[in-house]
Every structure is written in structure tokens, then in C-alpha cells.
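Hi everyone, thanks for making the time this morning.

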Amino acid sequence: MSGLTLALTEHRIGIVGRNGSGKTSILRLLSGLVPPSTGTVQVEGMDPARDRKAMLKHLGILFQNPDHQIIFPTVAEELAFGLTQQGMPKDMAQDAVRALLARHGRSHWEGRIVTALSQGQRHFLCLLAVLAMAPHTILLDEPFAGLDLPTQTRLARELATLPQRLVLITHDPAALAGYDRVIWLEGGRVRADGAAVAILKDFSAEMARLGDVDADTDLSD
């Protein structure tokens, strides 16, 4: 990726593009998982790659695969971890976890072993872990991938109610209905950036065109 200059200020922002277009690279840069090789990345005036712990209150991430995100054996431990990382005492974190689960109708999950949850339930657990830390912005990497339709519907409904800024990476234009802004990446560069309705219309048309030809010819050696 090179030559990108973006200021993400809208409440709902989508990032679309084909595989290899740079979508996940942007997420990794924004989250501080990797530093930029050139240029700078700032989130609320801070460099996310320099102090990941300080960024916990600013940024949360929901990965595509929940098993790449979960690190503790039980639901309660997974949810409490981010809170203790933010400096909350252990007993207060436990109380906060119980309150969070109750608020979402999942009190019975508290002592549940994570591996006993379905993939959709583990995905929702990861979202709860992010929400527990109350970040200002949530980055979402293909959050509906691998979920059945009822689970997608429940997750979409939950995301729609969140007060946080959402930056959602997806292949599916339908997932960005109602969004304020969409950035279309191609080859590590911005092909189009603007109002969601107009960008998604052009993106969908181009993907349909590519589907009528050999869509991979431009990626060959």
C-alpha cells in the first residue's frame, strides 16, 4: 500500500475491495498491529503502534475468525481480561462482566467454557469483549463471514444500535446499507471514496462486470 491519505471522521464507514486490495492492511495499521513503513497513522492524536495498551479505550477490533481473538478458556475470563488491562481491579471487572452479560441476556454464559460455544456465539463473545472496554471506535473485519443467516441478522441488529464509530471491512455491499461513507480500495490504493450509496452502486456494478469475465486475469503474472 502507498499514497494513501485518509481522515476517518464519519460515524459509519465501510471499506470494500477485492481480495488483496489492502482492506485488512488498513485495519492492521489503524489498530497498531503493524507500524507504517512510511508516513504516519494517528488515532485521536496517538500513534496506535507505539502504545497498544493506551489505545484500548480508543479502538476495539472484531476479527473475522473469533478463534484468532479468544485467548482464555471461559467466557468470564475472556470478558474480564480487557477490563483488567485497562486498570480495573479484578473484583470490579467481575461485576462489570456479570452486568454486561445480564444486559445482553447471556448471564448463563458466565462460567461457560468457550469451546462449548458455537462459532456464532464465539463471535458474539468477541463483540462483547470489545464492548466491555467501551472504545470510541470499533474496527470490524468481515464480521458476518461464516455465520448463518439468523446469527448475521442478530449481529447486524446489535451493531446498528452501537453508539461507537464503526469501520467495517467487507466484500458484501449489503452489509453497508445505511452507512455514511465507503472507501473502495484496489491494488493498495483508493479507487473511490465518498457517499456510501454512490460508491456501493459503482462497486457492485464493477464486481458484476468482473464476474462476467475471468475476474483473476488482472492478478496473473
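Before I point at anything, one term: when I say that two residues meet or touch, I mean that they have heavy atoms within 4.5 Å of each other. And please keep in mind that this is a predicted model.

Let's begin with the pair H2 and H4. Which residues of H2 meet H4? On the H2 side they are Val75, Glu78, Leu79 and Leu83, and their partners in H4 are Leu125, Leu128, Ala129 and Ala132. The two axes come within 8 Å and cross at roughly 30 degrees. Angles under 35 degrees count as roughly parallel, so H2 is roughly parallel to H4. The crossing of H2 and H4 is right-handed.

Now stay on H4 and look across to H5, which is residues 149-160. The axes of H4 and H5 come within 10 Å and cross at roughly 10 degrees, and therefore H4 and H5 are roughly parallel to each other as well. The contact here involves Gly120, His123, Phe124, Leu127 and Leu131 from H4. From H5, the residues that meet them are Thr151, Leu155, Glu158 and Leu159.

Next is H3, residues 90-103. This helix has 14 residues and reaches 20 Å from its first C-alpha to its last, close to the 20 Å expected at 1.5 Å a residue. Ala93, Val97, Leu100 and Leu101 are the ones to find in H3, and they are buried. They cover an arc of only 95 degrees around the axis, which means they sit on the same side of H3. What lies over them? Just after H3 you'll spot Gly105, with a positive phi of about 65 degrees.

Finally, my loop residue, Phe63, found between strand E2 and H2. Is Phe63 buried or partly exposed? Its relative accessible area is 25%, so Phe63 is partly exposed; the buried class would need a value under 20%. Leaving aside residues up to four places away in sequence, Phe63 touches Leu27, Leu33, Gln69, His123 and Asp141.

Definitions and conventions:
Residues numbered from 1 in each chain as written. Predicted model: local features only at pLDDT ≥ 70, side-chain atom pairs only at ≥ 80, totals over all residues. Heavy atoms only, no water. Helix = DSSP H or I, 4+ residues; strand = E, 2+ residues; numbered from the N terminus. Expected span 1.5 Å × (residues − 1). Buried < 20%, exposed > 50% of the residue type's maximum accessible area, 1.4 Å probe, protein only. Arc of directions from axis to C-beta. Axes fitted to C-alpha atoms, helices over the stretch in contact; angles between N-to-C directions. Parallel < 35°, antiparallel > 145°, perpendicular 65-115°, else oblique. Left-handed = near helix turned anticlockwise from the far one by under 90°.
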